[in-house]
Amino acid sequence: MDRIDALKLFSLVAETESFSKAAEISRLPRSTVSAVIQKLESSHKTQLLYRTTRKVHLTEDGLALLQRCHYLLAEMDEIDSLFKQNPSKVSGKIKVDVPSRIGSRVIAPALPDFLNQFPEIDIELRVTDRAVDLIQEGVDCVLRVGNLVSSSLIARPVGRFDIINVASVAYLKKYGAPEKTEDLSNHFAVNYISPTTGKVMPWEYIKDNKLISITMKSRVMVNHADTYIACALSGMGMIQAPAFDVMHLLAKGELVEVLPHAKAEPMRVNILYPHRQHLSQRVRIFIDWLEKTINDIQH
């Protein structure tokens with residue numbers, strides 16, 4: 001087995017945390033997988049994996065090697081794809097991390113289209129609402145919404161999400177609907193805590209081409225998008241949410257739009273990735289598809 005194949009096998013063992021699973025996927029005897037890893041450790045003169053009866057775990061040196069493997073193997077896949085004129089023949093796996101609601105309401109429903117177009121590309125779709133260390137966690141790219149914090153990552157804008165104000169029927173029956181922004185002082189909001197900054201997000205709206213931020217009265221604060229919408233449905237307060245995320249609830253009459261003339265700025269959507277030179281063809285293809293998917297739901 002050559003060096004590249006050995007590194008691929010090491011990466012597979014690390015990701016599955018199991019010699020047996022790696023052997024099953026690679027269709028090799030478990031003894032062969034074990035021997036390859038031992039030879040790799042011997043050649044690097046370091047232990048790459050901690051072995052237990054149930055799982056294997058990366059050592060510090062193993063983690064460092066795995067991080068370099070992701071880039072090296074991506075480059076090798078890119079070289080293999082250079083002379084494939086048909087993009088549908090590009091192959092490999094993409095590991096992407098997205099916010100939970102975007103994963104479930106935007107990407108997952110549209111993903112069959114991507115898989116049909118590119119039958120040799122596999123997707124590992126991770127959903128989190130926290131900051132992700134792309135290098136440490138071996139992620140190819142992440143999708144993030146809103147203002148970006150300063151970082152060394154490359155950001156590619158891929159669209160915007162319109163934000164609307166909504167409340168439940170039960171809330172409006174109890175408190176009435178605000179008719180102008182001055183009425184907001186008499187209303188309650190479900191406050192949202194940013195998973196990235198840990199700060200409560202203000203209620204915002206555009207007035208006379210200026211962004212106005214106010215602090216709303218609130219009896220509940222949450223840090224997860226699902227819970228944010230659930231609290232609104234329970235009548236605990238008004239919320240500001242991406243239109244795509246609540247359209248089905250508006251259609252059912254479970255939520256009602258309020259103050260349509262005083263909405264927050266659309267939220268910018270960006271794809272982040274570590275280094276342009278490490279962006280493989282399959283990741284470029286996925287980003288292009290994702291940009292089209294996001295823009296399609298706005299029309």
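This is a predicted model: local features need pLDDT of at least 70, side-chain atom pairs count only at pLDDT 80 or more; totals for chains, interfaces and linings use all residues.
Helix α9 gives way to Gly253, a residue with a positive phi near 80 degrees.

- Helix α9 covers residues 243–252, and its buried residues are Ala243, Phe244, Asp245, Val246 and Leu249.
- The cover over these buried residues includes the helices α5 (100–117) and α8 (225–233).
- Strands contribute to that cover too, among them β6, β7 (163–168), β12 (239–242) and β13 (255–258).

**The three-stranded sheet**

- Strands β12, β7 and β13 form an open sheet in the order β12-β7-β13, and the pairing is antiparallel.
- β12 and β13 are the edge strands with a single partner each, so one side of each has no neighbour in the sheet.
- From one strand to the next, the twist averages 50 degrees.
- Four bridges hold β7 and β12 together in the antiparallel sense, and within this pairing Asn165 has Gln240 in β12 as its bridge partner.
- Helix α8 lies across β7, β12 and β13, and runs at about 130 degrees to β12.
- Helix α9 also packs on this sheet, where it touches β7, β12 and β13, and its direction makes about 105 degrees with that of β12.

**The five-stranded sheet**

- A second open sheet has five strands in the order β4-β3-β5-β14-β6, with mixed pairing.
- Its edges are β4 (121–127) and β6 (154–161); each has a single partner strand, so one side of each is left without a neighbour in the sheet.
- The twist here averages 25 degrees from one strand to the next.
- Helix α10 (residues 281–296) packs on the sheet and touches β3 (92–98), β4, β5 (141–145), β6 and β14. The direction of α10 makes about 20 degrees with that of β6.

**Strand β14 and its two partners**

- β14 spans residues 267–273 and runs antiparallel to β6, with seven bridges joining the two.
- Five of the seven residues of β14 are buried, so the strand is largely enclosed by the rest of the structure.

**Aromatic rings**

- There are eight aromatic pairs in the structure.
- In one of them, Phe286 and Trp289 have ring centres 5.7 Å apart and planes at 35 degrees, so the pair counts as tilted.
- Both Phe286 and Trp289 belong to helix α10, three residues apart, which is about one turn of the helix.
- An α-helix has 3.6 residues a turn, so residues three or four places apart point the same way.
- Both residues are buried: Phe286 has a relative accessible area of 0%, and Trp289 has one of 7%.
- Elsewhere, Lys217 lies over the face of Phe188, at 5.0 Å from the ring centre.

**Glu41, a buried acidic side chain**

- Glu41 sits in helix α3, which covers residues 30–44.
- With a relative accessibility of 11%, Glu41 falls under the 20% limit and therefore counts as buried.
- The Glu41 side chain reaches the backbone nitrogen of Leu49 at 3.3 Å.
- Leaving aside residues up to four places away in sequence, Glu41 touches Thr46, Gln47, Leu48, Leu49 and Arg51.

How values were computed: Residues are numbered from 1 along each chain as its sequence is written. Side-chain values use heavy atoms; hydrogens and water are left out. Buried means under 20% relative accessible area, exposed over 50%, partly exposed in between (1.4 Å probe, protein chains only). A polar contact is a pair of N or O atoms within 3.5 Å; within protein, one must be able to donate a hydrogen and the other to accept it, and residues adjacent in sequence count only if both atoms are side-chain atoms. Contact means heavy atoms within 4.5 Å. Two strands pair if DSSP finds at least two bridges between them. Axes are lines fitted to C-alpha atoms, for helices over the stretch in contact, and angles run from 0 to 180 degrees between N-to-C directions. Rings of Phe, Tyr and Trp (its six-membered ring) pair if their centres lie within 6.5 Å; planes under 30 degrees apart count as stacked, over 60 as edge-to-face and the rest as tilted. A charge sits over a ring if NZ of Lys or CZ of Arg is within 6 Å of the ring centre and within 35 degrees of the ring normal.
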